Structures are given as structure tokens and as C-alpha cells.
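Please look through the structure shown below before reading on, and keep it in view while you follow the text. The report is written for a reader who is new to describing protein models.

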Amino acid sequence: MDKYKLFDAEYRFATIIWEVEPINSTELVKICHKRLGWKKSTTYTVLKKLCDRGVLQNVNTIVTSLVTNEQVQKYEGEALLNRTFDGSLPTLLATFLQDRKLSAGEAGELRRMIEDAEE
């Protein structure tokens, strides 16, 4: 399995780590209980799974990420584009903009992104 592919619960867990890393695993258990309603065993199971996949590391009870949120978002965005829109970025944008108006700032930001991406 690709290390950038995170399921919903894994992504919520990783988000916590990205926010607070480095974090002691005992403190992580407390945060996951508070935010996700997870038991200690659930936190450690997901932690081990993501460490085994190379997403996180747990060294001397200090948990840090090996993969960034941006890497996961890029992977998920490309997967969505390919799976749902047959790889067509114009189709994706047309679908998302179909019933939405952009502010001048949003439109300008998109124009700049397109200009920067042009060959």
C-alpha cells in the first residue's frame, strides 16, 4: 500500500501529530482520547500501523511524522483527479465551480496558479 494513502481515521490521527509533533506517545494517547474518543489500545494500534508503513516514527516514545500533510494531500488530489475525472483538471474545476461564485481574490489566486504551472 502506498504510504501516502491514508484512510479517514488514519488521516485524522496523522493530522493531530502534524499539529503537535514531536509528541510523547503517552500524551498522544490523551489527545486521541479527547479528540477522537479512542482508547489507548486503538491509538497504539493505529500508531504501529502507520509506523510500519513509514508514515510515522516512534523513537524512544517520541512520535514524529515521516510524511507531510502536503504529500498526503497531493497524493489524494491526484487520486481523485484520476479516479473521478479521468485525469482532466479542467473537468474537475468545471465541476467544482459549476454552482459557485469566486471572490476576486480566489479568481486571482487561481489565475496565478495556472500561469505558474504553464509550460
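The model is a predicted one, and every value given here was computed from it.

## How the helices pack

Two packed helices are described by the angle between their axes and the distance between the axes.

| Helix pair | Angle between axes | Distance between axes |
|---|---|---|
| α1 and α2 | roughly 125° | within 11 Å |
| α2 and α3 | roughly 115° | within 9 Å |
| α4 and α5 | about 90° | 10 Å |

The crossing of α1 past α2 is right-handed. On the side of α1 the contact is built from Arg12, Phe13, Ile16, Ile17, Glu19 and Val20, while α2 contributes Leu28, Ile31, Cys32, Arg35 and Leu36. Sorted by class, the residues of this contact are eight nonpolar, no polar and three charged.

The pair α2 and α3 also crosses in a right-handed way. Here Ser25, Thr26, Leu28, Val29 and Cys32 of α2 meet Lys40, Thr43 and Tyr44 of α3, and the contact divides into four nonpolar, three polar and one charged residues.

Helix α4 covers residues 69–85 and helix α5 covers residues 89–97. With an angle of about 90°, α4 and α5 are therefore roughly perpendicular to each other. Their contact is made by Leu80, Leu81 and Phe85 from α4, together with Leu89, Thr91, Leu92, Thr95 and Phe96 from α5; by class, these residues are six nonpolar, two polar and no charged.

## The core and the residues around it

In soluble globular proteins, nonpolar side chains tend to be buried together. In this model the largest nonpolar core holds 20 residues, and those that touch the most other members are Leu6, Phe13, Leu28, Cys32, Leu50 and Leu56. The elements that give two or more residues to this core are α1 (8–20), α2 (25–36) and α3, and the largest share, five residues, comes from α1.

Leucine 50, one of the residues that touch the most other core members, is in contact with Leu6, Glu10, Phe13, Val55 and Leu56, once its neighbours within four places in sequence are left aside.

Is threonine 43 buried or exposed? Threonine 43 belongs to helix α3, which spans residues 40–52, and it counts as buried because its relative accessible area is 0%, where the limit for buried is under 20%. Apart from its neighbours within four places in sequence, threonine 43 is in contact with Phe13, Leu28, Val29, Cys32 and Trp38.

Cysteine 51 is also found in helix α3, but it counts as partly exposed, at 24% relative accessibility. Beyond its neighbours within four places in sequence, cysteine 51 is in contact with Leu56, Gln57 and Asn58. The C-alpha atoms of cysteine 51 and threonine 64 are separated by 9.6 Å, and the two residues are 13 residues apart along the chain.

Threonine 91, in helix α5, counts as partly exposed at 38% relative accessibility. Its C-alpha atom is separated by 18 Å from that of tyrosine 75, a residue 16 residues apart from threonine 91 along the chain.

Most residues other than glycine have a negative phi, and most peptide bonds are trans. Against that background, which residues are joined by a cis peptide bond? The bond lies between glutamate 21 and proline 22, with omega about -5°, and proline 22 is placed in the loop between α1 and β1 (23–24).

The loop between β2 (56–59) and β3 (62–65) contains asparagine 60, whose phi is positive, near 55°. Asparagine 60 counts as exposed, at 70% relative accessibility. Threonine 61 is found in the loop between β2 and β3 as well, and although it is not a glycine, it has a positive phi of about 70°. At 40% relative accessibility, threonine 61 counts as partly exposed.

Methods:
Residues numbered from 1 in each chain as written. Predicted model: local features only at pLDDT ≥ 70, side-chain atom pairs only at ≥ 80, totals over all residues. Heavy atoms only, no water. Helix = DSSP H or I, 4+ residues; strand = E, 2+ residues; numbered from the N terminus. Buried < 20%, exposed > 50% of the residue type's maximum accessible area, 1.4 Å probe, protein only. Contact = heavy atoms within 4.5 Å. Core = buried A, V, L, I, M, F, W, Y, C linked by side-chain atoms within 4.5 Å. Axes fitted to C-alpha atoms, helices over the stretch in contact; angles between N-to-C directions. Left-handed = near helix turned anticlockwise from the far one by under 90°. Nonpolar A, V, L, I, M, F, W, Y, C, P; charged D, E, K, R; others polar. Parallel < 35°, antiparallel > 145°, perpendicular 65-115°, else oblique.
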